[in-house]
Amino acid sequence: MELKKYKLGDIAEIIVSSIDKKSKEGEEPIKLCNFVNVYHNWAISTDMVQGFMNATTSEKNIERFSLKKGYVAFTKDSETRDDIGIPTYIADSLENTVLGYHCALVKPNEKILSGKYLNAFLHSNYIKKYFELNATGSGMRYTLSMDTLNNIPVLIPSLKIQKRIGGIFSDIDCKISLNRAINHNLEAMAKQLYDYWFVQFDFPDENGRPYKSSGGEVVWNEKLKREIPEKWSDNTLEYFLNIKNGRDHKHLLCGSYPVYGSGGEMRRVCEWLYDGESVLMPRKGTLNNIMYVNEAFWTVDTMFYSVMKKEHCAKYIYYSIRDIDFTRWDAGTGVPSMTSSTLYSIPIIVPQENVLQAFDEKITPLFVAIKHNSKEISELTKQRDELLPLLMNGQVSVNYDLSHD
C-alpha cells in the first residue's frame, strides 16, 4: 500500500477553541463538547449531545467551532503528557454544539483526507510518540503549540483506502458504543431493582406480592432514623464484611489479573490478591468511587478491598454504600483519606436472609451480562488499537466494501 506523507496543516484547517463552560448574558446558548467528552469517546454522535454541558458563546464562535460530520477533535492541553493529543471523530453534524477549550478542531480537506481515517491515524503509536516528544510545558500543564499541530506528520493512502480503513474502525466503535449503551441500561435496571426492594421495600412477600404496597408492616428504627420492614434489623458495615488493605504491586510482571485503584482498572499483573466477590473502597484519593468486582484481582495500597462474612450480600452492600458522600468523613490532612474504622461504623439495614438471597439471584444475571459486555469492549478496544499498524504496513489487507461513509 503506497503512503504519501503530508503535514496536517497542509491538508486540513486546525483551530484551537477558547470557549469555556461559563454562561454570559447576551451570548447564544449552546451545548459544549468539552475535554472529557473528547477524551473518552472514539466518536461523537447526536445521541451524546443531551449529556453535554450547557454554556453560551458568541455567534462568531458558533460559526467557527460548530461540530460537523467529518471533523476531528482532539485534546490539546492537560496536566499530563499522556492526556494530550487524544482524538475523536465527529460522526454527525451537531446542531448548536461547539468544541470547548483545551481542545483543537481539525477540518480536513475532504478531497485528500478522510476524517474517519485521520481519527484512527491520530490514535496510532506513531503519532502518540510525536505528541510526547513535542509537548511543551512542565509541572502543572502540558500543551501542543500551533506549530506542532500544523506539522503533525500524516501518512495517507488513497482516499478510497482511507475510507475503507476508517469504516473498519467506525464499525468496531459502533459495536463498542452499543455494548456501552446496553451496559448503561443494565446498570440502570440493577439500581432500579435495588431501590424497589430496599428503598421502597416492595420486595416480593411470601405470596409474591410487593411487600409494602400490599400492606406489609414497617416500623420506626431509631438508629437508622427511618422506617424498615417489621422483621428486619440494623447493624453496621462490619456485620457484613471484613476490610483488607490493598498492597503495592510494582514488583509484579504483566499478566492477566486486573489491578484496581480509585479510578478503576489500572493495569494487569501476574498474581492476584483476592479471588471472589468484593466491594472496593478507596482509602486515599478519590473517596467516592465504590466498586463491585467478582474475579481474581489485585488492589493498590490506596484501596481497601472486602471479604464477605455473609452470603449473598456483596451486591446489596455495593448499592447500599455507593452513593454515600465519603468526603464528609475525610480523615486526611492533605490527600483525602479514609479509615477502616470509619467504614466499619456505617449503619446498614439488615434484611432477612431469604430476601438477600432472592435479590442476589435476581440481580446476578444483570451483573454477568455487564461483565460479558465489558470484556468484549476491552477485547474490541485492544483489537482496534492493534489493527491500525497492521493495516498501515500492509500485513492486513483492506478488502472491505464500505458504502456508508
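1. In helix α8, the residues Ala-314, Lys-315, Tyr-316, Ile-317, Tyr-318, Tyr-319, Ser-320 and Ile-321 are buried, where buried means under 20% relative accessible area, with exposed over 50% and partly exposed in between (1.4 Å probe, protein chains only). Since eight of the eight residues of α8 (residues 314-321) are buried, this helix is largely enclosed by the rest of the structure; helices (H or I, at least four residues) and strands (E, at least two) are DSSP runs, numbered from the N terminus.

2. The model is predicted, so local features need pLDDT of at least 70 and side-chain atom pairs count only at pLDDT 80 or more, whereas totals for chains, interfaces and linings use all residues. Residues are numbered from 1 along each chain as its sequence is written, and side-chain values use heavy atoms, with hydrogens and water left out.

3. Lys-315 lies over the face of Phe-367, at 5.8 Å from the ring centre; the criterion is NZ of Lys or CZ of Arg within 6 Å of the ring centre and within 35 degrees of the ring normal.

4. A search of the whole structure finds 28 aromatic pairs, that is, rings of Phe, Tyr and Trp (its six-membered ring) with centres within 6.5 Å, counted as stacked with planes under 30 degrees apart, edge-to-face over 60 and tilted for the rest. The rings of Phe-198 and Trp-232 have centres 5.9 Å apart and planes at 40°, so this pair is tilted. Because Phe-198 lies in helix α7 (residues 159-198) and Trp-232 in the loop between β15 (226-229) and β16 (233-236), the pair ties together parts that are 34 residues apart in sequence. Both Phe-198 and Trp-232 are buried.

5. Phe-297 and Tyr-305 form an edge-to-face pair, 6.0 Å centre to centre with 85° between the planes. Phe-297 counts as buried at 0% relative accessibility, and Tyr-305 counts as buried at 9%.
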